[in-house]
Amino acid sequence: MSNKLEVKIPDLGNVSDVEVIEILVTVGDQIKKEDLLITLESDKASMEVPSSEAGTVTEIKVAIGDK
């Protein structure tokens, strides 16, 4: 049986218009817990989002430029 986990962007407080500037994985990649998945950028800072679990990337629901 396959368990799927949807990774959500962490709460960034009062920051809006956060843009996806880099996708660091592709479908099929084997990842470990804490491996970096995407990079986000706001007008104040950039942030890399890590995986909360190990597994295989089966789908990517964002694209570069998404907010």
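**Before you start**

You are looking at a predicted model, in which local features need pLDDT of at least 70 and side-chain atom pairs count only at pLDDT 80 or more, while totals for chains, interfaces and linings use all residues. Residues are numbered from 1 along each chain as its sequence is written, and side-chain values use heavy atoms, with hydrogens and water left out.

**Stop 1: the whole protein**

Show the cartoon first. How many helices and strands are there in the protein? There are 0 helices and 5 strands, and from the N terminus on the order is β-β-β-β-β. Both kinds of element are DSSP runs, numbered from the N terminus: helices are H or I with at least four residues, and strands are E with at least two.

Along the principal axes, the C-alpha atoms fill a box of roughly 40 × 20 × 15 Å. The protein has 67 residues, and 18% of them count as buried. Here, buried means under 20% relative accessible area, exposed means over 50%, and partly exposed is in between, using a 1.4 Å probe and protein chains only.

Next, think about contacts, meaning heavy atoms within 4.5 Å. Among contacts between residues at least 6 apart in sequence, 50% join residues at least 24 apart.

**Stop 2: strands E1, E3 and E4**

Select residues 19-23, which form strand E1, then residues 36-41 for strand E3 and residues 46-50 for strand E4. Two strands pair if DSSP finds at least two bridges between them. E1 and E3 run antiparallel and are joined by 4 bridges. E3 and E4 also run antiparallel, with 5 bridges joining them. A hairpin of 4 residues leads from E3 to E4.

To see one of these bridges, pick Ile38: its partner in E4 is Val49.

**Stop 3: Thr39**

Now click on Thr39, in strand E3. Which residues are its bridge partners? Glu22 has Thr39 as its bridge partner in E3, and on the E4 side the partner of Thr39 is Glu48. Is Thr39 buried or exposed? Thr39 is buried, with a relative accessible area of 6%. Not counting residues up to four places away in sequence, Thr39 touches Glu19, Val20, Ile21, Glu22, Leu24, Ser46, Met47 and Glu48.

**Stop 4**

Move to Glu34, in the loop between strand E2 (30-31) and E3. Its phi is near 80°, a positive value in a residue other than glycine.

Then find Lys44, in the loop between E3 and E4. Lys44 is exposed, with a relative accessible area of 73%.

**Stop 5: Gly28**

Select Gly28, which is found in the loop between E1 and E2. Gly28 is partly exposed, at a relative accessible area of 45%. Leaving aside neighbours within four places in sequence, Gly28 is in contact with Thr56 and Val57. Draw a line from Gly28 to Ala45 as well: the two are 17 residues apart in sequence and 30 Å apart in space, C-alpha to C-alpha.

**Stop 6: the salt bridge**

Show the side chains of Glu6 and Lys61. They meet in a salt bridge, at 3.4 Å from N to O. Glu6 lies in the segment before strand E1 and Lys61 in the segment after E5, so the pair ties together parts that are 55 residues apart in sequence. The rule asks for a side-chain nitrogen of Lys or Arg within 4 Å of a carboxyl oxygen of Asp or Glu, and by this rule the count comes to 1 salt bridge. Side chains of opposite charge can pair when their charged atoms come close. Glu6 is partly exposed, with a relative accessible area of 49%, whereas Lys61 is exposed, at 58%.

**Stop 7: the largest pocket**

Finish by selecting Leu5, Glu6, Val7, Val57 and Glu59. Of the 25 residues that line the largest pocket, these lie nearest its centre. Strand E3 (36-41) and strand E5 (55-56) are the elements that give two or more residues to the lining. On a 1 Å grid over the protein atoms alone, where a 1.4 Å probe fits, a pocket is an open set of points with protein on both sides within 12 Å along at least five of seven lines, and lining residues have an atom within 4 Å of a point.
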